[in-house]
Amino acid sequence: MPYVERIAFEVDGEGEPVVMIHGLGGTSNVFTPLLAAFSRNRKLRFDLPGSGRSARFEGPLSVDVFLHAVLTVMKKCSIEKAHIAAHSMGTIVAAHLAAAEPARVKSLALFGPLLAPPDQARSAIRGRAAKAREGDMQPIADTLVQATLSSESRLKRTAAVAFVRESLMRQDPDGYARSCEALAEMQAADTARITCPTLLVTGDEDVVAPPSSVRAMGDRIKGSRVEVLRGCGHWTPVEEPEECISILNRFYSRGSATWQTSSLRMSA
């Protein structure tokens, strides 16, 4: 796997480029279940600084560091403008990218999206950073499997449970702690500057990006659409990949001309 500035990335395929930004505790692999939706795209996936195979990235992390990472890997791959797909913390980074560099972003497809952590969650995120620095990721993994996957996923989707637990267990504790600290400090992007077609997908059991918050986010982003998946938690690409692929196919095939603003669809 190639690296640029200690950031691990992979690129494959041909066509319009899509750049994928994972969330806290994730890696580029969180998008593997959705790759069928991008069969006609050039796909750029990478591990954020501090996460996965980019854990050796040194220094404090922040939304600005993550934005620099996105632009660095895009430049390395000669990508001027791309569709952006993101999950969880990555959706905050994606929103900042679309607001700061609108000419670089063709569309946003955001899973488990949020503009920033709610104020009441920031202290808990910092507490998780302190817990990670004790060096054992297992208690964090066990807690988040219970808290962030839907009850149906925990009962029936054993592969999703294993994926999430392994993704968390494999994180470097210090890199994860620095990522938590970065997330705890993130503020919302200027949504008035986001002008591209935007898709927001969450689960009806997502405690990180609950439907009410995602609908409010949709109201702030012109040209956006909200989709809520039944029986799904925060790890939408892993818990409901087939439904997510179907939604993505509709999103990209319709384009901005017919993509309705701030509508809601409940998916079985």
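For me, buried means under 20% relative accessible area, exposed means over 50%, and partly exposed is in between (1.4 Å probe, protein chains only). Helices (H or I, at least four residues) and strands (E, at least two) are DSSP runs, numbered from the N terminus.

A note on what I'm looking at: this is a predicted model, where local features need pLDDT of at least 70 and side-chain atom pairs count only at pLDDT 80 or more, while totals for chains, interfaces and linings use all residues. Residues are numbered from 1 along each chain as its sequence is written, and side-chain values use heavy atoms, with hydrogens and water left out.

**Entry: α2**

I looked up its extent: α2 covers residues 89–100 and reaches 17 Å from its first C-alpha to its last. That is close to the 16 Å expected at 1.5 Å a residue, taken as 1.5 Å times one less than the number of residues. Among the buried residues I found Met-89, Ile-92, Val-93, His-96 and Leu-97.

**Entry: α3 and α7**

Next I checked α3 against α7: their axes come within 8 Å and cross at roughly 165°. Axes are lines fitted to C-alpha atoms, for helices over the stretch in contact, and angles run from 0 to 180 degrees between N-to-C directions. That makes α3 roughly antiparallel to α7 (the term is for angles over 145 degrees). By class, I get nine nonpolar, no polar and five charged residues in this contact. Ala, Val, Leu, Ile, Met, Phe, Trp, Tyr, Cys and Pro count as nonpolar, Asp, Glu, Lys and Arg as charged, and the others, Gly among them, as polar.

**Entry: α3 and α4**

Helix α3 (residues 119–132) and helix α4 (residues 138–148) have axes that come within 9 Å and cross at roughly 145°. Arg-128, Lys-131 and Ala-132 of α3 make the contact with Pro-139, Ile-140 and Leu-144 of α4.

**Entry: two single residues**

I listed its contacts beyond four places in sequence, including Phe-57, Glu-58 and Arg-133.

Asp-136 sits in the loop between α3 and α4, and is partly exposed, with a relative accessible area of 41%.

How values were computed:
Contact means heavy atoms within 4.5 Å. Angles under 35 degrees count as roughly parallel, over 145 as roughly antiparallel, 65 to 115 as roughly perpendicular and the rest as oblique.
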